[in-house]
Each structure stands twice: as structure tokens, then as C-alpha cells.
Amino acid sequence: MLDFLGDLRRTHTCGSLRASDAGNKAVLMGWVNRRRDLGNLIFVDVRDRTGVTQVVFGKEMNPALHGRAGELRNEYVIAVVGSVKQRDPNTVNRNIPSGDVEVIAEELRILNEAKQPPFLPGETVLPNEELRLKYRYIDLRRDAMQFNIELRHKVALAIRDYLSAQGFFEIETPFMTRSTPEGARDYLVPSRVQPGSFYALPQSPQLFKQILMIAGFDRYFQIVRCFRDEDLRADRQPEFTQIDLEISYPQPERVYEIVEGLLTIAFQAGGFRINTPFPRMTYDEAIRLYGSDKPDMRLPVMVDVRGAFAHEQLAALGISPASPVLAIRIPNVGELSRKERDELKPLFNGRGNAKLFEDFKRLEKSFPVPAATIREQTGAQASDLLVLVTGESKVGEHKSEGGVKPEVKQHDQAVYTAAGLLRVSLAQRYADRHGLFQGGELRFLWVTDFPMFEYDEEGRRWAAAHHPFTSPHERDMDKLESDPGAVRALAYDIVLNGTELGSGSIRIHRQDIQQKIFHALGMSQEEARARFGFFLEALEYGTPPHGGIALGLDRMVMILASAESLREVIPFPKTARAVDLMVDAPTPVSESQLKELGISVRKS
């Protein structure tokens, strides 16, 4: 028989009782974490999100209450009234903060029963992820998940307090807006009152936050849900949360200062201390040294060692003298065995025209002088792994309406990118074995001066590298038509240990420059007006210079929690197939709903 809560009020949480509470009355409420029946004594561990307290039911003290406690099972919801007692020294539980005391039960109310769950929150071996997501309400009771969600709350609260103190207003922007396809696919919402028309869920509040600057709010922020219909990875979800901010009259340096202060406060809330200011590196430097625009600086830089070889030696190795020869050093791994080298090759296959030399010891025997030079240039010790990556460069040109992009630059970059991907793959493969990433080292970096445009081979045209509202460098304005590939953007990313935490830019605030960017992207005035007319019109009414950034809250908390997936720090995530297993979504809808919306579904 179940009891009602009535007017009983909780006096303590299950993790708050200490030795100083001995002799006091306590009212606890929570779940039965474990029950141990020793005959005359029944011990029940009661759990809530703050911890666990042991409750004792004695048969001699209260036979009826003891009998009632015998009905309890795991995950029953109960309320207990009793006296707090100091435990005997030999029974103290040092594994929990409340382990110095126990509660001697005087009253028990069974508030709800529970079926035997598919797994228990206290189990040390986790079930498979699908089971965890299907029964997410059980999974979220686990200590680790409770910690992660509390950590998320603390980080978000610290960020709100910090930005408010910096003069920012938190302003909400619409979830239902117009579709402006840029980058990922939109999630569309059909309109019932405007048949055949659709809203789009926002991929970001980009245009709205710029309009808030036009509206004179000067400093805006929002911890906002965003939506992207894209393929999922461990660090990607179809709906995610970002910390969005925008300020008027900034230079990039002012954005850096604000974000570094924000991250200092956020990481402090997670128990980490970080040092500012963060180092800065241009996009070109990042590609040349790390083969990535989000470099992991815990690993040594790549070194172009082609100068170590004579021309005839390059020819003997089948290396073009025009191609970079990049040495990758992974500390303390040593030479790979033949089996390990064979396992390495699939990681590298399909990397364009890049070519791998994975057996440095063999190279050392055939070319001892260049090999010695390479060891000196890279600082490699005998215990380090060295591999070389090179490629064949093809000299030529791509022509487009917007200008010229040399093929040689594209192919050289492909070599750097292939080497960068291999560098990270090698480190990840051997990290556990050699402790490369242990120690909690946090290496922040600003990557700046991104290319304004990327060349789209398939479309044979230029595309925006970030988004088309990013301002070009003032000194590169004259290249917009003559050489778009050389135009740098006032764009910047904040990177931590190889993960992009956020991306931002100084925006275009002049309509004449915005029109030039649209023209460079091959967009006619009519197309630009059709897609962005409301924004272009807003630019005509006195737009101040402005800029900002969007930071990934989910990724930030994932790093702070040392989690391997975003799903560990989001209360109700989707699977890799974008499915919510708990509520069984997405699902078909009724014919009457589709008819009301004027939609017919075509089954492939």
C-alpha cells in the first residue's frame, strides 16, 4: 500500500548529513539505492541527486516499521523520518561524504513503487548506449550523469553572470524563421495558415543578432538552441546549445578579451584554472605547422624537411622537388612494428595525392645524412616516432568569374591537411599506451585571418569560407574581384586541444561591401534581395560596426567533464541516426494532420 506525502517536508538532502548533525531529527526523501536485510536489522541506502545516506530499521525498536521496510525494492521512492546517529568507528563509510552518520528510522512513507529497471543507477558496468538512451530517466539518475548536468548548470550560470556584469543583455531570438540555406540543411516547419510555405528552425541567430546591433542594443548574448540537419558525430547533435554574443564597435582584440574572460569563468566553474591571454596564430600558420585549422598544440609541430634531401635523393624516393615533405613526430612512441605500419596505412589511404613514408628506420639506412638532419630539425629523440608525408603537386590554374586560384596551392594544402589528419590519428591511437594526452593540459589558441572564400570544384565558383556576412580585411578589399583566393576574412576561431570551441568574425556593416561579397559569390542582386532582402534593407538605416562569436556550450562541458561524447552532457540527446529512443521520435503523423498542412508524403 502506497502512502501520500501529505504535509511532510524534507529537512535534509541525502548527501548533506554530517557528524555535526548527530542527535537531530531528519526527514529524507529519495530513491532506494540498496537494501540489505540482516534479519533483525534492515539497512536502506536512500539516494537523491546530492548523495546517499544509510537508514537503519530495527526489528526490536519498531517491528511494524521493520516489516514495512522489508517491502522496499530498488528505486522505490520513499520518505523517512528519523534521528541522526554517529556511526561506530568500525562501521564508518569513507566512500561517501555522509558516511560518518546514519539515520535511525522512526517513520517510513512509501511514495511510489518501481518495476525492476533494465539497469540500476549504481551499477559500475554500463549497459549499451541504446538501452541507456531508451531509459534515459534511469540513466540520468547515475552519479556521473547527475555530475555532468550539474556541471552544465554551473557553467551556464557563471557565463550568464559574467556577461551580465560586462553590460550584455540576454535577448531571445525566434525559433521559427525563414530558410536561408547556408552550410548545413535546415529543419523545416510547415505553416498551416500559409499553405505551401515553411519556417526553418535556426542554424544560428546570426542575422537576428546583427539586427539587434542595428537596433542599438550594443551588447547582446543568448544561450540558445540551434538546429542543423547534418550527419552526426561524437561532438555533433541535430539540436545543440551555443553561447551567442555580439558587440558594437569592436576590434577582434576586444572580442578576444571578452571571450577569454568568459572561458576563464566557465572553466573555473568546472574546477579548472586557465591562463590568459591565449596565443594567436593565422590560418596559414596553422595549416603549415599543424595541417589543421583547429590544431592540437599538445603535439609537436610538423616540419617541412625537403631541404634535408638533395635533388637526386628526392628523385630516388619519387618525391617532386616542388612538394612539401612533412615530418611528423609523436613523442615516446618509438618505431612501429611491421604489423603496426600495415595497420597505419588504411588511416592514410584516400588522402588525395599525399604519399606516406612510415618506415623511418629504413629511410635512415638508405639516406643516413638526410635522416640525421631530419632528426635535428624536428628535435626527435630515439624514443620518438617519425613519419614523412609528401605529395605530387600539379601546377595549373582554376579560373572563375571572381579571379584565379592556383592548383599548386590547393595540392600543397592537401598534403598539409593529410599530414595533419595522420598526426592526430597517430597520437590518438597511441595516447593510452604512452600517456600523450594525460595530465589535463589545456592548450587554447586563437586561429585568425581565415580565407574569405573557398573554391567549390563541383560548382566551379567561390563559396563563403565562414558565412557571407563576414567582413574582409580592409587591406584586401581591392582583391575581391581580381584575386578572391587571396582575400582574408576578419574571422577567428577559438580552439582547445584540437577541438573548435567557437567561431566568430567582425561583420559587414556597409551595404556596398555586402553587395560586393554577394557578387564575388556569384549571387545576383535579385537573388540576394530574395534571400536576404530584410537584412539588406536594415543595413540602409545606420548600421554600426559590429562583431561577435558563437561558442559551443555542449562541447565546452564535454571537455570539462572529460566525456567522450556530447550525449554524456546533454540530458535528452539523439542517437547517431538522429533518433530520440526514449520518446520514439521522429514518427509518422496522421493523414488528417498532413491534409491540414497541405502536405503529401512520397515514399521512396
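**Helix pair.** I began with helix α14 (residues 511-520) and helix α15 (residues 525-538), whose axes come within 11 Å and cross at roughly 140°. Axes here are lines fitted to C-alpha atoms, for helices over the stretch in contact, with angles from 0 to 180 degrees between N-to-C directions. Helices (H or I, at least four residues) and strands (E, at least two) are DSSP runs, numbered from the N terminus. I noted the crossing of α14 and α15 as right-handed: the near helix is turned clockwise from the far one by less than a right angle.

Which residues meet? From α14 I listed Gln511, Gln514, Gln515 and Phe518; they meet Gln525, Ala528, Arg529, Phe532, Phe535 and Leu536 in α15. Contact means heavy atoms within 4.5 Å. By class, I logged five nonpolar, four polar and one charged residues for this contact.

**Source notes.** The model is predicted: local features need pLDDT of at least 70, side-chain atom pairs count only at pLDDT 80 or more, and totals for chains, interfaces and linings use all residues. Residues are numbered from 1 along each chain as its sequence is written, and side-chain values use heavy atoms, with hydrogens and water left out.

**Eight-stranded sheet.** I traced an open, mixed sheet of eight strands in the order β6-β9-β10-β23-β22-β21-β18-β11. Two strands pair if DSSP finds at least two bridges between them. The edges are β6 (169-170) and β11 (280-282), each pairing on one side only. I checked β6 against β9 (residues 219-227): they are parallel, over two bridges. Phe169 stands opposite Tyr220 in β9.

Next I looked at the helices on this sheet. Helix α6 (residues 252-269) packs on it, touching strands that include β9, β10 (239-248) and β11. The direction of α6 makes about 155° with that of β18 (444-448). Helix α7 (residues 283-290) also packs on the sheet, touching β11 and β18, at about 90° to β11.

**Four-stranded sheet.** I then followed an open antiparallel sheet in the order β12-β13-β15-β14. Its edge strands are β12 (303-304) and β14 (354-357). I found four bridges joining β14 to β15 (residues 385-391) in the antiparallel sense. Leu356 has Val389 in β15 as its bridge partner. Helix α11 (residues 368-378) lies across β12, β13 (326-330) and β15, and runs at about 105° to β15.

How values were computed
Nonpolar A, V, L, I, M, F, W, Y, C, P; charged D, E, K, R; others polar.
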